[in-house]
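Please read it with the sequence and the coordinates to hand.

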Amino acid sequence: MRKLLNKLLIRFGLLLTKAPQLLADKSLQTSELFPAELTEKVTVRATQNIPRNDLFDIFAADTNVHKWHHYFEIYMKHFARYRDRPVKMLEIGVFRGGSLRMWKEYFHPDSTIVGIDIDKSCKAHEIADKNVYVRIGSQADPNFLAEVSGEFGPFDIILDDGSHKTHHQIISFGALFRSALKDGGCYMVEDTHTNYWIKHVDSPETFIELSKQMIDMLHEPYFNRKETNFRLGHADAVQELELSYLAANLESIAFYDSIVVFDKKLKTLPKSELR
Ligand SMILES: C[S@@+](CC[C@H](N)C(=O)[O-])C[C@H]1O[C@@H](n2cnc3c(N)ncnc32)[C@H](O)[C@@H]1O
């Protein structure tokens, strides 16, 4: 009852403040600075081709997985480097367990694959003797996420394929990126097209909007500074800076159609050299 009331309050509050944006699916806004030849409409066609890679072959052999075809190239691009050693992976969203089995087969056999889901019936997809575990709880509950991370983490890979609600994506990223993801780890959020669909947007800013802000955070060292502050041997060069945790630990952000990937790596200060 309290949960329902909270949900209604959030929705009502949002409607008051963001009514025009929330009452319609987003329309595409583009800057007038784009030349017309880049924004003019061109035709894109459907294809019958299927992806050709190891992971798609594993996917195609199981009937209980739900994935978009174009994700497989992206998974391979970001996950292939983890295949040669045992990894710990957390997937938010178990559904019929197919993706847990797919990851188990794709990664090193000694890997630990953990799925979380709000639906109790998903527990049936646990295969404990193969290090595939399922825990039941909400991705919007930081305490639950901390418990899972305490039990199995920190993880090499975290994949958010859960509710696809924007406030859930935001809470999970906020709760997991710092303490549950290893240095050198990868955090992937999929189905971010839902950030443009009214029924999934339930936060004042979408996850995609926060991801765009993280592009600025990647550049935090440069705000109000100049090149000589980073130049090797220069009198103005700074030796240390106070940066936000994200700025200090985010190596890169990759945006794809419906997927955002964050690579985590503790940075040192950038330096330039004039020879
Ligand atoms: C898209 S399905 C997962 C599909 C699965 N990863 C696959 O590839 O086959 C989404 C899952 O998220 C779960 N879910 C919905 N809300 C959730 C929440 N708040 N916390 C955790 N899981 C949630 C649903 O029960 C559903 O099983």
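The points below go from the whole chain to the ligand shell, the helices and then individual residues.

1. Overall composition. The structure is a predicted model, and the points that follow should be read accordingly. The protein chain contains nine helices and seven strands. Taken along the principal axes, its C-alpha atoms fill a box of roughly 60 × 50 × 45 Å.

2. Burial and contacts. The protein chain has 275 residues, of which 29% count as buried. Among contacts in the protein chain with a separation of 6 or more, 64% are accounted for by residues 24 or more positions apart.

3. The ligand shell. How many residues surround the ligand? There are 21, and the closest are Gly 93, Phe 95, Ser 99, Gln 139 and Ser 163. Divided by class, this shell comprises nine polar, seven nonpolar and five charged residues. At least two shell residues come from each of strand 1 (88-92), helix 5 (98-106) and strand 2 (112-117).

4. Helix 5. Besides supplying residues to the ligand shell, helix 5 has a set of buried positions: Ser 99, Leu 100, Arg 101, Met 102, Trp 103 and Tyr 106. The pairing of helix 6 with helix 7. Helix 6 (residues 142-152) and helix 7 (residues 166-176) pack with their axes 10 Å apart and at an angle of about 45°. Because of that angle, helix 6 is oblique to helix 7. The crossing of the two helices is right-handed. On the helix 6 side the contact involves Pro 142, Leu 145, Ala 146 and Ser 149, which meet Ile 171, Ser 172, Ala 175 and Leu 176 of helix 7. By class, the residues of this contact are six nonpolar and two polar, with no charged residue.

5. A cis peptide bond. Most peptide bonds are trans. The bond from Gly 153 to Pro 154, however, is cis, with omega near -5°. Pro 154 is located in the loop between helix 6 and strand 4 (155-160).

6. Most residues other than glycine have a negative phi. Which backbone angle of Asn 131 is positive? Its phi is about 60°, although Asn 131 is not a glycine. Asn 131 belongs to the loop between strand 2 and strand 3, and counts as partly exposed because 16 C-beta neighbours lie inside 10 Å. Asn 224 likewise has a positive phi, near 60°. Asn 224 is placed in the loop between helix 8 and helix 9; with 5 C-beta neighbours inside 10 Å, Asn 224 counts as exposed.

7. The loop between helix 8 (207-218) and helix 9 (245-249). This loop contains Val 238 as well as His 219. Is Val 238 buried or exposed? Val 238 is exposed, because 12 other C-beta atoms lie within 10 Å. Leaving aside residues up to four places away in sequence, Val 238 touches Asn 229 and Leu 269. Val 238 and Glu 220 are 18 residues apart along the chain, and their C-alpha atoms are separated by 14 Å. His 219 is also exposed, with 10 other C-beta atoms within 10 Å. From C-alpha to C-alpha, His 219 and Val 65 are 38 Å apart in space, and they are 154 residues apart in sequence.

8. Thr 39. This residue lies in helix 2 (residues 36-39). Thr 39 has 11 C-beta neighbours inside 10 Å and so counts as exposed. Its contacts, not counting residues up to four places away in sequence, are with Thr 30 and Phe 34. Thr 39 and Asn 53 are 14 residues apart in sequence, and 33 Å apart in space from C-alpha to C-alpha.

How values were computed: Residues are numbered from 1 along each chain as its sequence is written. This is a predicted model: local features need pLDDT of at least 70, side-chain atom pairs count only at pLDDT 80 or more; totals for chains, interfaces and linings use all residues. A residue is near a molecule or strand if its C-beta atom, placed from the backbone, lies within 6 Å of it. Helices (H or I, at least four residues) and strands (E, at least two) are DSSP runs, numbered from the N terminus. Ala, Val, Leu, Ile, Met, Phe, Trp, Tyr, Cys and Pro count as nonpolar, Asp, Glu, Lys and Arg as charged, and the others, Gly among them, as polar. Axes are lines fitted to C-alpha atoms, for helices over the stretch in contact, and angles run from 0 to 180 degrees between N-to-C directions. Angles under 35 degrees count as roughly parallel, over 145 as roughly antiparallel, 65 to 115 as roughly perpendicular and the rest as oblique. A crossing is left-handed if the near helix is turned anticlockwise from the far one by less than a right angle, and right-handed if clockwise. Two residues are in contact if their C-beta atoms, placed from the backbone, lie within 7 Å. A residue is buried if 20 or more other C-beta atoms lie within 10 Å of its own, exposed if 12 or fewer, and partly exposed in between; C-beta atoms are placed from the backbone.
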